[in-house]
Amino acid sequence: MKEKYPLLEIIDKTGKLVPNAYEIEITEEEVKRFYYHMIRLRIYDRKGRALQRQGRIGTYVPFEGQEASQVGSALALQSDDWMFPTYRDHGATLTFGADLDRLLLHWNGRVEGCVPSKEKNIFPAAIPIATQLPHATGAAMAETYKGTKNVSIAYFGDGATSEGDFHEGLNIASVFKAPVVFFNQNNGFAISVPIEKQMNSETIAQKAEAYGIPGVRVDGQDVFAVHFAVTEAFERARRGEGPTLIEAVTWRFGAHTTADDPSKYRDQEKSEQMRDDLDPLLRLERFMKNNEMWEEEWITRIKQEIEHELDEAIARMEAYEKPNPADMFDYVFEEPTWTIAEQKEMLRRSVK
Amino acid sequence: MVINVKKIAAEQVGKTKSLTLIQAINDGLKTALADDENTLLLGEDIGVNGGVFRATDGLQAQFGEKRVVDTPLSEAGFVGAAVGMALNGLRPVVEIQFLGFIYPAYEQIATHVTRTRSRTMGHYHLPMVIRAPYGAGVRSPEIHSDSVEALFTHLPGIKVVCPSNAYDAKGLLLAAIEDPDPVLFLEPMRLYRGERMDVPLEKYTVEIGKGEQIGTGEDVTVLAWGAMMPIVQTAVEEMKEQSITCDVIDLRTLYPLDKEIIARSVQKTGRVVIVHEAHATGGVGSEITSIINDTSFLYLKAPIERVTGFDVPVPLFSLENEYLPTPKRVKDAIQKVIDF
């Protein structure tokens, strides 16, 4: 199956264009845009881990190693499209336009962090695995119903393909030709369980065959490959040709979450030794250097800007007003039911 | 059996149709589809087949495949898809073929349907309805007879309603479809083709959260809903022979319960019998008991009696009559609270 679903690669590990991989024109501006978002995610992600270690936020879900998959896919969306992420896809949501302050609040246990920005259709991260696939299908069907060309994208990991909702989401989408892209990040591990124990199939892309839809396998460390595969799938969807399943083969260098110790189930030293081949930022850096796009001054400047942006946002997160217990009660229904109204009053009296 | 007659307003005379409960649901769905082009129906066999109970009979022919959608056999999938549709501006009405088939969708309901408004602080809300026939008494195969409303009344974020007659069926259904939040609409399948009632042709709603007093007496309050109403009414009629009269309340909404109507009657009679066909432990009857405890404890003249299904899986149909509450069991309970 790996022959049938070859790994699409546009830039190889040494940062060179793979000959005849793809007929594309990559402008310097675009390259810099990709790099900017990827380095922004890298800095954000490392700060997130540090904040958790310092006890300044709750459990954090790192994604280092998956920046190309998340940036490449997110930058393929248009403004009115829909994004259905998991808890590890905050890199994608941030790139698409999620509010940084709210994201940080989310890691700090604040419901404000789940509220999408007004400008972008971003569903709050799905925690129950694969449940967001049917949502993406339904939101896409609603766009067709309304006669628009908007599409949706569902993010999910390798473990999610074992869930029933994976099958149900893809099946319904394929039956109704819903304009949705199922974007899988196969990072090889569902917490501790390696992919060989998750599935008997050689690839995830091949699962598309069961639904009669295209399956595409891309190098998830190659931001261009991801970007162009997702863009092409979106174009198909906008033309009314239905869903696509994309498998981005990627790697997470860190833990499943900050509550996880990956050394229990895999050799973290070995993982770090693979960085030279697998770090998506290194690959893009090499490409930029090979093509005289690497400007130290620009790199230093954007890093400083990003550091500043994050430090300011973290300061705002830490200075954010205290959570209001009323918020727990006020958004369950449009109008609180009498049980909720009574309980809200009971709490108010007890904390007075 | 006592016929439940709704008072139709004078101006409605001549503008009604005599309908069974299932026909009233069909009429309600038709009204909703005609009323709002963003309303659509999803479910298994609801299209050309008109639903296994014919709730959607003729609707696909009238409104087309876009509005009345035959889905794959995929409860989690189409409830999940309905979430995506509802947050994107549509009003999906989902049919689960039997309540006992809803379990694959329970994860979607518990983790998304009920939580989307609160976890986005109202940025997204889900105006969606899940319809499901429930209950025993029609000699259905295994799993087809479940009555598990309490699995849903326990979940914050979804309302649960259950009509017992044609008038309430249409009115509650239209209220559920209009509601900005998710509603589980339970249909008593053993009453689907029972008594006919005069149902207004036009759009009307029955308020969610309000029960209805359908019989007035002095001695005992009998609380029930859905398929138990005719059983309760038979029992109450027979008790009149012994000069025992009852307030009979059809709760109609199981979450949020109508606290006022319960308290008002219990404070008058001081004696209570709660009837439901679901299992006893953790059933809605327990919650009603708790409401009576909170509102009317000092008015009670006898311990509250519950007449319920047993804490056993609903049996295959050869024993379903033994499982279900009967007029005899209801009468015994009424007598017991009188004799206390």
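Modeller: Strands here are DSSP runs of E at least two long, helices are runs of H or I of at least four residues, and both are numbered from the N terminus. Keep in mind that this is a predicted model: local features need pLDDT of at least 70 and side-chain atom pairs count only at pLDDT 80 or more, while totals for chains, interfaces and linings use all residues. Residues are numbered from 1 along each chain as its sequence is written, and chains are lettered from A and ligands numbered from 1 in the order in which they are written.

Colleague: How many bridges join S4(B) to S5(B), and do they run parallel or antiparallel?

Modeller: There are 3 bridges between S4(B) and S5(B), residues 129-134, and the two run parallel. Two strands count as paired if DSSP finds at least two bridges between them.

Colleague: And what does S4(B) pair with over 5 bridges?

Modeller: That's strand S2 of chain B, residues 39-43, also in the parallel sense. One pair to look at there is B:Leu40, whose bridge partner in S4(B) is B:Pro92.

Colleague: Why is S4(B) largely enclosed by the rest of the structure?

Modeller: Because 5 of the 5 residues of S4(B), 91-95, are buried. Buried means 20 or more other C-beta atoms within 10 Å of the residue's own; exposed means 12 or fewer, partly exposed is in between, and C-beta atoms are placed from the backbone. Both faces are covered, with B:Arg91, B:Val93 and B:Glu95 buried on one side and B:Pro92 and B:Val94 buried on the other.

Colleague: OK, new topic. What domains does chain B have?

Modeller: The assignment gives domain 1 (16-200) and domain 2 (212-339). Those bounds come from an automatic or database domain assignment. Taken over C-alpha atoms, the centres of the two domains of chain B are 26 Å apart.

Colleague: How many residues are in contact between them?

Modeller: 25 residues of domain 1 of chain B are in contact with 22 of domain 2 of chain B. A contact means that the C-beta atoms, placed from the backbone, lie within 7 Å. On the domain 1 side, helix H6 (150-153), strand S6 (159-161), helix H7 (166-178) and strand S7 (183-188) of chain B each supply at least two residues. S6(B) gives the most, with 3 residues.

Colleague: What's the sheet with S9(B) at its edge like?

Modeller: It's an open sheet of 5 strands with mixed pairing, in the order S9-S11-S10-S13-S14 of chain B. The edge strands, S9(B) at 212-215 and S14(B) at 305-309, each pair on one side only. The twist averages 25° from one strand to the next. Helix H10 of chain B (284-296) packs on the sheet, touching strand S10 (220-224), strand S13 (272-279) and S14 of chain B, and its direction makes about 155° with that of S13(B). Those axes are lines fitted to C-alpha atoms, for helices over the stretch in contact, and the angles run from 0 to 180 degrees between N-to-C directions.

Colleague: Which strand do 3 bridges join to S9(B)?

Modeller: Strand S11 of chain B, 246-250, and the two run antiparallel. B:Glu212 stands opposite B:Asp250 there.

Colleague: Now the chain interface. How many residues of chain B touch chain A?

Modeller: 36 residues of chain B are in contact with 34 of chain A. Helices H3 (75-87), H4 (106-113) and H5 (116-119) of chain B each supply at least two residues to that side of chain B. The largest share, 10 residues, comes from H3(B).

Colleague: And chain A, what's in there?

Modeller: Chain A has 14 helices and 9 strands. Its radius of gyration is 21 Å, close to the 20 Å of the globule rule for 352 residues, so chain A is as compact as a globular protein of that length. That radius is taken over C-alpha atoms, and the rule is 2.2 Å times the number of residues to the power 0.38.

Colleague: What's its sheet order?

Modeller: S1-S8-S9-S5-S4-S2-S3 of chain A, an open sheet of 7 strands with parallel pairing. S1 (7-8) and S3 (121-122) of chain A are the edge strands.

Terms used. Contact = placed C-beta atoms within 7 Å.
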